[in-house]
Amino acid sequence: CPAKHSAKRSLDAVAKDVVQAQPARQTRILRRSSDRRPVHFSLVPASINRLDDSDVRSVEEFRGRKMHAVAAIGNPERFFAMLERHGIRIVRHPLPDHAALTQSDLLYADNLEIIMTAKDAVKCRALDTRHCWYVPVDVRFAGNDGALLQSLVLELLDKGGSASGRR
């Protein structure tokens with residue numbers, strides 16, 4: 001459906017205007033005067049869950065704990081830094097973005113538990129993950145940026161159409 005592809009391309013264009021906040025440092029973004037103001041957000045850990053969801057704990061319960069941190073995302077250091085800001089001591093294991101995780105990615109010589117992103121946890125459902133935890137996150141927008149993002153998306157959907165037939 002051409003309208004669906006047009007809306008997808010438009011939504012992809014919004015992604016370039018969404019910038020994750022970088023704690024403790026100023027983010028400089030080169031922009032043309034015609035560019036929209038970027039939308040800033042941060043990711044906040046909601047909890048820490050066992051991979052089978054049999055146990056859900058607060059992030060504070062992991063403060064001071066040493067764990068292996070596995071991340072196959074575009075910026076694994078952002079995930080690692082978030083864990084460290086919450087007092088979790090980690091051994092970093094960055095993997096390429098979208099890497100498929102195997103059992104060998106979850107085997108280490110010590111008895112430390114493993115913590116990973118929610119995105120990576122989905123890839124591990126068929127593996128032995130009794131010693132694994134994942135971190136679901138909430139998105140927090142700066143100021144009115146959440147409302148700005150919503151208006152941008154609605155504007156683009158109105159221009160490009162959507163599955164509900166709006167044009």
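## Fold

The protein has four helices and nine strands. Helices (H or I, at least four residues) and strands (E, at least two) are DSSP runs, numbered from the N terminus. Along the sequence, the pattern reads α-β-β-β-β-β-α-β-β-α-β-β-α. This is a predicted model, in which local features need pLDDT of at least 70, side-chain atom pairs count only at pLDDT 80 or more, and totals for chains, interfaces and linings use all residues. Residues are numbered from 1 along each chain as its sequence is written, and side-chain values use heavy atoms, with hydrogens and water left out.

Of the 167 residues in the protein, 34% are buried. Buried means under 20% relative accessible area, exposed over 50%, and partly exposed in between (1.4 Å probe, protein chains only). Contact means heavy atoms within 4.5 Å. Among contacts with a separation of 6 or more, 58% join residues 24 or more positions apart.

## Nonpolar cores

A nonpolar core is a set of buried Ala, Val, Leu, Ile, Met, Phe, Trp, Tyr and Cys residues joined through side-chain atoms within 4.5 Å. The largest one holds 16 residues. Ile48, Phe79, Leu83, Ile88, Ile115 and Val135 touch the most other members. At least two residues of this core come from each of β5 (66–71), α2 (76–85) and β8 (132–135). α2 gives the most, with four residues. In soluble globular proteins, nonpolar side chains tend to be buried together.

Leucine 83 touches Ala69, Ile88, Ile90, Ile115 and Val135, not counting residues up to four places away in sequence. Another core lies apart from the largest one. That core has 12 residues, among them Ala99, Leu101, Leu106 and Cys132.

## Buried strand residues

Methionine 116 lies in strand β7. Methionine 116 is buried, with a relative accessible area of 0%. Leaving out residues up to four places away in sequence, methionine 116 touches Leu51, Val70, Phe79, Leu106, Ala121, Cys124, Cys132, Trp133, Tyr134 and Val135.

Valine 39 lies in strand β2 (residues 39–45). Valine 39 is buried too, at a relative accessible area of 0%. Valine 39 and asparagine 144 are 105 residues apart in sequence, with 8.9 Å between their C-alpha atoms.

## Buried polar and charged side chains

A polar contact is a pair of N or O atoms within 3.5 Å. Within protein, one atom must be able to donate a hydrogen and the other to accept it, and residues adjacent in sequence count only if both atoms are side-chain atoms. Histidine 68 sits in strand β5. Histidine 68 is buried, with a relative accessible area of 4%. Its side chain makes a polar contact with the side chain of aspartate 110 (2.8 Å). Beyond neighbours within four places in sequence, histidine 68 is in contact with Val91, His93, Tyr108, Asp110, Leu112, Glu113, Ile114 and Ile115.

Arginine 50 lies in strand β3 (residues 48–50). Arginine 50 counts as buried because its relative accessibility is 18%. The side chain of arginine 50 reaches the backbone oxygen of arginine 130 at 2.8 Å. Not counting residues up to four places away in sequence, arginine 50 touches Asp55, Glu113, Arg130, His131, Cys132, Trp133 and Tyr134.

## Largest pocket

On a 1 Å grid over the protein atoms alone, a pocket is an open set of points where a 1.4 Å probe fits, with protein on both sides within 12 Å along at least five of seven lines. Lining residues have an atom within 4 Å of a point. The largest pocket has a volume of about 280 Å³. A volume is the space filled by probe spheres set on the points, which are joined across faces, edges and corners.

The lining comprises 15 residues, and Leu43, Ile73, Asn75, Phe79 and Thr117 lie nearest the pocket centre. α2 and α3 (118–122) each supply at least two lining residues. α2 gives the most, with four residues. By class, the lining has seven nonpolar, four polar and four charged residues. Ala, Val, Leu, Ile, Met, Phe, Trp, Tyr, Cys and Pro count as nonpolar, Asp, Glu, Lys and Arg as charged, and the others, Gly among them, as polar.

## Positive phi in loops

Aspartate 53 is not a glycine, yet has a positive phi of about 60°. Aspartate 53 is in the loop between β3 and β4 (56–57). Aspartate 53 is partly exposed, with a relative accessible area of 41%.

Histidine 98, also not a glycine, has a positive phi of about 70°. Histidine 98 is in the loop between β6 (89–94) and β7 (114–117). Histidine 98 is exposed, with a relative accessible area of 61%.
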